[in-house]
Amino acid sequence: LAPRRGRERYLADVEECLEEIRNGETYEVCLTNAFEGRRRVGVDPLALYLSLRRGNPAPYAALLKYEPAAPAAAASAAGGLPPP
């Protein structure tokens, strides 16, 4: 899996959000970063999801299964900065 936005872009977006807060445009921001990757044959979506949850045990995370290809998708209402 790879982040849709790299670390530098994500941190720039964080700074932009902080600037909006300082300017009084908002008091709360939910900044997210999607992770994408091609599903390998034989990879269990539930196992992948549980692995992601170990790294980010967000209380509102979910595993979504779409037919027919059934790609794994994990959504989270809480997160953190990407690793350095």
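Modeller: Let's start with Glu19, which counts as partly exposed at 35% relative accessibility (buried means under 20% relative accessible area, exposed over 50%, and partly exposed in between, with a 1.4 Å probe and protein chains only). Its partner is Arg22, the closest N and O atoms of this salt bridge being 3.1 Å apart. Arg22 is exposed, with a relative accessible area of 52%. Both sit in helix H1, 3 residues apart, so about one helical turn separates them. Elsewhere, salt bridges with shared partners join Arg5, Arg9 and Asp13 into one network.

A word on the background: this is a predicted model, where local features need pLDDT of at least 70 and side-chain atom pairs count only at pLDDT 80 or more, while totals for chains, interfaces and linings use all residues. Residues are numbered from 1 along each chain as its sequence is written, and side-chain values use heavy atoms, leaving out hydrogens and water. A salt bridge here is a side-chain nitrogen of Lys or Arg within 4 Å of a carboxyl oxygen of Asp or Glu.

Asp13 and Arg5 are both buried.

In total, the structure holds 5 salt bridges. Another of them links Glu36 to Arg4, with closest N and O atoms 2.7 Å apart. Glu36 lies in strand S2 (residues 35-36) and Arg4 in the loop between strand S1 (2-3) and helix H1 (7-22), so this pair ties together parts 32 residues apart in sequence. Helices (H or I, at least four residues) and strands (E, at least two) are DSSP runs, numbered from the N terminus. Glu36 is partly exposed at 42% relative accessibility, and Arg4 is exposed at 56%.
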